[in-house]
Amino acid sequence: MSSYVVYVVGAGLLLVVGVHGALTARHLVRLILALNVMSGGVFLALIAISARGAGSAAGPDPVPQALVLTGIVVAVSITAFVLALARRIHALSGRTSLSEEDLE
Amino acid sequence: MTAGLLFDIALVVGLTIIAFRAIHAPDLFVGAVLYIVFGLLLALVWVRLNAPDLALAEAAIGAGITGAMLLDAVRQVGSPARRAPVLTRIGRVAPWAGAVGLGAVAAGALVTLEDRGGTLGEMVRGRVAESGVDHPVTAVLLVFRGYDTWLEVGVLLVAAIAVLGVRRTRVLVPSEPSSEAPPIATAAAGVLLPAGVLIGGFLLWTGSHAPGGAFQAAAVLAAMGILVSLLGRPPLASLSALRLRLLLVCGFTTFLAAGVVGLLVEDAFLRYPAAAAGWIITVIELAVTVSIAASLVLLFAGGRDRAADEAAG
Amino acid sequence: MIVTMVLLPFLGGCLAFLLRRTAPFVAVLGAASVAATAAMLAVGVWRSGPRIYAIGGWGAPIGIELVADGLSAIMLLTSAVVVLAVSVYSIGYHEHDDSDAWHPGEGFWPLALILWGALNVLFLSADVFNLYVALELMTLAAVGLVVLSGGEAALMAAMRYALAAFAASMMYLLGVAILYGAYGRLDLDGLATVVSPEPAAFVAAALIGGALLLKTALFPLHFWLPRAHAAAPAPVSALLSSLVVTGSFYLFLRLWTGVFSTIAVPAAGQFVGALGAGAILWGSLQALRQQHLKVMIAYSTVAQVGYLFLPIPLLTSAATTPDGALLWGIDAWNGGIYHAISHALAKAAMFLAAGTIVHALGSDRIVGISGIARQLPITTYAFGIAGMTLIGLPPSGGFVAKWLLLSAAFASGQWWWAVVILAGGVLTAGYIFLVLGQELSLAGTDQPVELSKVPRSMEYAAFSLAVASLLLGLRVIEPIALLQAGLPFVEGG
Amino acid sequence: MEWTFWMAPGLLAVSFVTALLIFPLDEEQVRLRTALNLGGATLKLILVGVMAWGILTGHEFEARLSFVGELELVLRLDYLSLLFIVLSAILWFLTTVYAVGYLEQSPHRSRFFGFFSLCVTATMGIALAGNLVTFFVFYELLTVVTYPLVVHRGTGEALEGGRVYLLYTLTGGTVLLLGIAWLHSLTGPVEFVTGGQLADLAVERPATLRLIFLLIVGGLGVKAAIFPLHGWLPIAMVAPAPVSALLHAVAVVKAGAFGIVRVIFDVYGIEVADGLGLLAPLSLAAAVTILYGSVRALAQDDLKRLLAFSTVSQISYVALGVSLLGPVATAGGLVHLLHQGMMKVTLFFCAGILSETLGIHRVSEMRGVGRRMPLTMAAFTVAGFGMIGVPPVAGFISKWYLGLGALEAGQEWVVPLLALSGALNATYFLPIIGAAWFRSPEADWAEFDGPETDWMLLFPALATALLSLAAGVMAGLPFSPLWLTSFAVTEIHGP
């Protein structure tokens, strides 16, 4: 077993936790957390791939690293926007979830 | 089994558990704090996996800024959603089944991947010299795949415009009267801010040949800005609408302008003339840093704009 | 020339953001010039085949390439035309927004232009990760536009849309990660040559395909679409329903016939086709039940998205049958794309027309629009002509698409798709004429309702798009010939 | 390109351009609109005259336009087309005159006449279509542009009528398209060629061809109002009188009947259709419809509904004629396309005059109306006699040829059918005519001086009544409908 396998399985585990959270969570903040965990899993997969060839003298593959950097910025943009949206929804209606009957 | 591998396994297990607890913590505030821990652990993973650029970015953006936003949001919308209905067995099992199915298939595919070599990465390493920068990640980001990065700066810009749209405002409004900020915090900010700018500047400068660069620098700057705005004085609040917009847009447009220079001089969009490549890249990075930092501060402070919430609520 | 079609919209978006008073001029001018450029590109591609443009001069696989083939050119042209009309319309729509307070137009112009830029990036890009960034840019701009309505319904709809799209993006990116892990490259053409039937490729294809189906809102993954498209301001609804949906479909088609062509199995094609059939029937039936005009049109989009995916099973079986490509593959390809562009024009026209009605009446309840034909004849014609295209009545672009798909379905022996296509047409006629009947009705209109004044430009913008969708049915040779440039599955195509 | 290329598209363009010019006109621009309408109709008559002369002197009119792939849009004049365009051009001119008078005060006249002209365009396209796809394009176009005319009044009843009309015709169109697309997948583009081009396929796949025939004729049968697909026709009666006249005499119903004629003679070919055993069921369906329509008409009091059921019955003579083998029966069926058009248009003109001038909508209100409106009722009487088949009105000629043709084809059962149908027609027309002339009026119609109604209404009714009479009396002379038909019959059956 190599560390590649460990981290790739870790990526799978984060996906499980994230997807399960996205399917079950009701509170908007929890949904956002779950999606961010999912993205963490995806990034982990990419970086595990990047480090796979690390045995060679050249070092890790820079391309996935660049992709993940882009991905992190995209993720924070979406997270920020969605959080602002959630706060606006809460301010307007007191809702904190997407379900119809969940008026507080 | 080596110690390193054991550490990796422990890290992965810890990540998974903390992620689960973060999502399902009864108290959302705890959830947000756990998410920050998750981000820091992930940064550790990036270090383990030889990705120091990412570790910096993750710590600053993933854990730091996202965490701050979450914590701040939870303060407002933290009241738990009405108790979840009691789920049937299918209702409980189905999400697990779906999630495990997806995770297992993905992990399975990843585990069985053959390392065939001959990747893009090797090619990039071979041609870094042509790019005008020394650090391969920066070369990919700003030169070989500069198009992606340009668009990604666009994503941030769009997020900023969209948040202004959500708030239905043109400028940042201070959320609380500035006089209420505790003097110690103000003093702390007085020290931290210059330090932050300094660190940011260093990261930006070092990015061309070592880990670091525009994103990390911007994240550090933004973190400072966020700290200040937590004191009730968002650093951009004094700006006029036009200046705020200029700040937000300058990274994207500078990048675009550099691309057009390439188009005019070298007949290829985003091709930097060899003689001036270093300079052009520096200018791009500078502008991008300013814009990203401004956008992140806006995304944070624009979202928290409480006065509007109370007025609307 | 190719890259200007990306630059101009973004440049316009920045200008519109910085100097908001110039926004309408920037938008109209930009759309007109890009439309002209796209037309020139289309002629060029038609005459001398697909063009490749290497960003930064690096070339694939190390750099990112733009590829303009017939499909790209026709999509670019269609979106430029739609954006042009929507811009003209929006000048009137945002007319009263000249006050000093913040107004939705401020968000609309920059976001709409950047959305369009992202679409153009999408139509040209030949790199799976670059496509991911383009998708994100497009989605975020789209959600930001939905929010501009400001109401609680719009915010909730935007939230649902954003979360669904974010989840889909992650699936897409996971697929990209697996592809990179397996093949070490990201360029579409290169990947197409190395992807082979093996577990990793299948998983990547399923993840990417699923993500795009969610983004295209194919039944039963359409849950986020109707509310978002209905709650958005009318010009935004038009852009979303006509272009954004088409954009993610475009990518699905591009990947299915390109990168994944060697692993697309007939069963998967049949599955996607069955979802399309489900979308047609379910979406149309839902549209028939709606009492609000914009919700009805949004459900119509759910149904029409189904048609977009009917060529998939035909293309898949064509690729695995000797001579299949010639016998029905080309027809399926042409029919699917023809439907996409006809629908884009017609649906934009229809949402704009609906927006005009809402603008005038202040409500979009279908029972309330009785007799509107008297006050807004041009809008009524626009709605009617766009409806003809959606139903697929001759002579409209929709009919041409329907005919090509029918031919392909019969030629491949998969006659069941023909039955679905035709049944969907009848259902579509049901809800279109329900509305048209109300518009033409004079019952209960003895005291005409007070209408707000509607700028003529709004009416004519919708009308022009509707007429354009009709003209597609009269002048077919050139668009079809253009689509043959760079056909993915025919040798030397 | 030759002038012969441009004639057929030009014929379509005349009414299309007229429509485009009329749509943007203001309601009040009555003169300009009327001038455009009549100008267009006159120009069309002239063009049709030129084309008729041209085809009789051996010119060929054909225009082709590449459409999709190998498909072409083809407009071509043959003798069958000639029958239809002559009928359309003449009746259109008269209906336009009538409609101008009829709609004098009603709202949305620009919209009405715009769609009216589009309707002509579509009908001309159907007549001149040279292949199945072209036919279908115009056939569906006709459905769409007729809808605003049917719901023109905008009442709840009108909308309901429009809804039913669309439900039937669009479903029919869909079935038709299914059949056409299927046939295309087997043969490639299907040109209209006398004798058809399916002989080989009929040997290979007879069952498929039978099914396709069922789909195509079933789809066409909706517009041709063949029982049990006729349900829309009586309900669509809510349309204004000129529209009803148009629907029944020239446009929609005729399009369906004409389509059936085309499919039998020019797609399948009469021998192949007979060989596949398709004609006998069709003639049976036609026979059932003839009787059904007449029986239902008996029970109607609403005049326009009565006329509608009469149409259901009469139009099936065409299908009957073409489904009996032999030139004489063909002549009877085809000539009835023209004869029924002239007679039915007269009846609807008269019904419109009665309702507009005196507010009469029901048969029971027509007592003594002949004294108040002698000219109108004279026209009505001529057309009614024609429907019954009384010599020398045109309808007699149709029935005579149909009967002779049936005997020639060995289908003796048709003769009693014709007699029975004639008797039924007499049972509902004669009492109306009798009551109108010989009973004393109950209503107190205002005294009148001058013409009994607007000349714009009366002139077209008289003209079509005279035409119906002339077509019968002078059937044997050149330029009569029968004479025109004889060319088509020769084309189909050989000299």
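Is Cys250(B) buried, exposed or partly exposed, and what is its relative accessible area? Cys250(B) is partly exposed, with a relative accessible area of 21%, where buried means under 20% relative accessible area, exposed means over 50%, and partly exposed lies in between (1.4 Å probe, protein chains only). The structure is a predicted model, in which local features need pLDDT of at least 70 and side-chain atom pairs count only at pLDDT 80 or more, while totals for chains, interfaces and linings use all residues. Residues are numbered from 1 along each chain as its sequence is written, chains are lettered from A and ligands numbered from 1 in the order in which they are written, and side-chain values use heavy atoms, with hydrogens and water left out.

To stay with the cysteines for a moment, a disulfide is a covalent bond between the sulfur atoms of two cysteines. Cys119(D), with a relative accessible area of 0%, is buried.

We can turn next to charged side chains. Side chains of opposite charge can pair when their charged atoms come close. With a salt bridge taken as a side-chain nitrogen of Lys or Arg within 4 Å of a carboxyl oxygen of Asp or Glu, a search of the whole structure finds 25 of them over all chains. One of these joins Glu130(B) to Arg127(B), at 3.0 Å from N to O, and both residues lie in helix H5 (residues 120-131) of chain B, three residues apart, or about one turn of the helix. Helices here are DSSP runs (H or I, at least four residues), as strands are (E, at least two), and they are numbered from the N terminus. Glu130(B) is partly exposed at 47%, and Arg127(B) is also partly exposed, at 26% relative accessibility.

In chain D, the side chains of Arg362(D) and Asp301(D) meet in a salt bridge of 3.3 Å, N to O. Arg362(D) lies in the loop between helix H15 (327-358) and helix H16 (369-372), and Asp301(D) lies in the loop between helix H13 (279-298) and helix H14 (303-323), so the pair ties together parts of chain D that are 61 residues apart in sequence. Also in chain D, salt bridges that share partners join Glu62(D), Arg64(D), Glu72(D), Arg76(D) and Glu191(D) into one network.

The surface of chain D also carries a nonpolar patch, formed by Trp3(D), Leu43(D), Ile46(D), Val50(D) and Trp53(D), with about 490 Å² of accessible area together. Patches are made of residues with over 30% relative accessible area and no salt bridge, like charges being joined within 9 Å and nonpolar side chains (Val, Leu, Ile, Met, Phe, Trp, Tyr) within 5 Å. Helix H2 (residues 30-56) of chain D gives the largest share of the patch, four residues, and Leu43(D), found in this helix, is partly exposed at 41%.

Finally, we come to the meeting of two chains. In chain B, 90 residues are in contact with 76 residues of chain A, contact meaning heavy atoms within 4.5 Å. Chain B and chain A bury about 7,200 Å² between them, 75% of it on carbon and sulfur atoms; buried area is the accessible area (1.4 Å probe) that two parts lose on being put together, summed over both. Two salt bridges are counted between chain B and chain A, and Asp115(B) forms a salt bridge with Arg52(A), the closest N and O atoms being 3.9 Å apart.

Notes
Accessible areas come from the Shrake-Rupley method with a 1.4 Å probe; for residues, only the protein chains shown count as cover.
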